[in-house]
Every structure is written in C-alpha cells, then in structure tokens.
Amino acid sequence: VQLQASGGGLVQAGGSLRLSCAASGAIFSRSRMGWYREAPGRQRDLVATITSAGDTNYGDSVKGRFTISRDNDQKTVYLQMNSLKPEDTAVYFCHGLQNYINYWGQGTQVTVSS
C-alpha cells in the first residue's frame, strides 16, 4: 500500500487549503482513512478519520473548521481546511488502516502565517 499526500503550502491565517491523499495497491474502499499532524516538538495528533461507511471523527481543535471526505472510485481522501490558524502549522500525514495494519504517507507541510 502506498499513500501519496499533496496540497500543503503556506497560507495566511483565516485562509483555506485542501489536502489530497491518493492510495494505491490496496482495497481502498474497505480502509479507514485519516489525517494526522505533527508540529515541531510535539507528538503526532489526530486530525480526522473517515471509515469505509463514511463515518467521520475529528480532533477537538479542528472541529467545525476541517472536513474529511473520500472518493472511493479515485482512491483518494481529502482534507478541506478552512479558517486556518497559526497553530495548525504542522506536517500533515495521510493514514490508512486495513486489516489491522497501519499505512502512512510521506507527509505534507502546512504553514499558517499570522
């Protein structure tokens, strides 16, 4: 299984970005997919997950601002990030869980300037 994340960048506070994660080599539609982030000096934290049925879960700090979605035909999961804050600055990692095995993408940097 390979996960390729893209869409990171530099944005001003209050702006928006959309991250994408393309999966290959897996039965994507049966996998729980998600996004995690890691800021310098901090542990990797949950941002959002989405099950194969479309059920979503969000970290408290992003609720109401971020939206996770998936396109099973394109084998892609998205993270729409609105009302970005400087504290959202981190490396964002795509994650997949299938048959109790964890898969990670390479990470994409998101930087929010104040």
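**Figure 1. Strands E1 and E3 pair in the antiparallel sense over 5 bridges.** The structure shown is a predicted model. Within this pairing, Gln2 has Ser24 of E3 as its bridge partner. The two strands belong to an open sheet of 4 strands, arranged in the order E1-E3-E8-E7 with antiparallel pairing. From one strand to the next, the twist averages 15 degrees.

**Figure 2. Ser31 is a buried residue in the loop between strand E3 (17–24) and strand E4 (32–38).** The relative accessible area of Ser31 is 4%; buried means under 20%, and Ser31 is therefore classed as buried. When residues up to four places away in sequence are not counted, Ser31 touches Ile50, Thr51, Ser52, Arg70, Leu97 and Gln98.

**Figure 3. A salt bridge joins the side chains of Asp88 and Arg37.** The N to O distance in this pair is 2.9 Å. Asp88 lies in the loop between strand E8 (76–81) and strand E9 (90–98), whereas Arg37 lies in strand E4, so the pair ties together parts that are 51 residues apart in sequence. Both Asp88 and Arg37 are buried. For Asp88, the relative accessibility is 0%.

**Figure 4. Asp88 also meets Arg65 in a salt bridge between side chains.** Here the N to O distance is 2.8 Å. Arg65 is located in the loop between strand E6 (56–58) and E7, and Asp88 in the loop between E8 and E9; the pair therefore ties together parts that are 23 residues apart in sequence. Arg65 is buried, with a relative accessible area of 11%. Through salt bridges that share partners, Arg37, Arg65 and Asp88 are joined into one network.

**Figure 5. The side chains of Lys63 and Asp60 form a salt bridge.** The N to O distance is 3.1 Å. Asp60 has a relative accessible area of 68%; because exposed means over 50%, Asp60 is classed as exposed. A search of the whole structure finds 4 salt bridges, among them the pair of Lys63 and Asp60.

Technical notes: Residues numbered from 1 in each chain as written. Predicted model: local features only at pLDDT ≥ 70, side-chain atom pairs only at ≥ 80, totals over all residues. Heavy atoms only, no water. Buried < 20%, exposed > 50% of the residue type's maximum accessible area, 1.4 Å probe, protein only. Contact = heavy atoms within 4.5 Å. Pairing = 2+ DSSP bridges. Axes fitted to C-alpha atoms, helices over the stretch in contact; angles between N-to-C directions.
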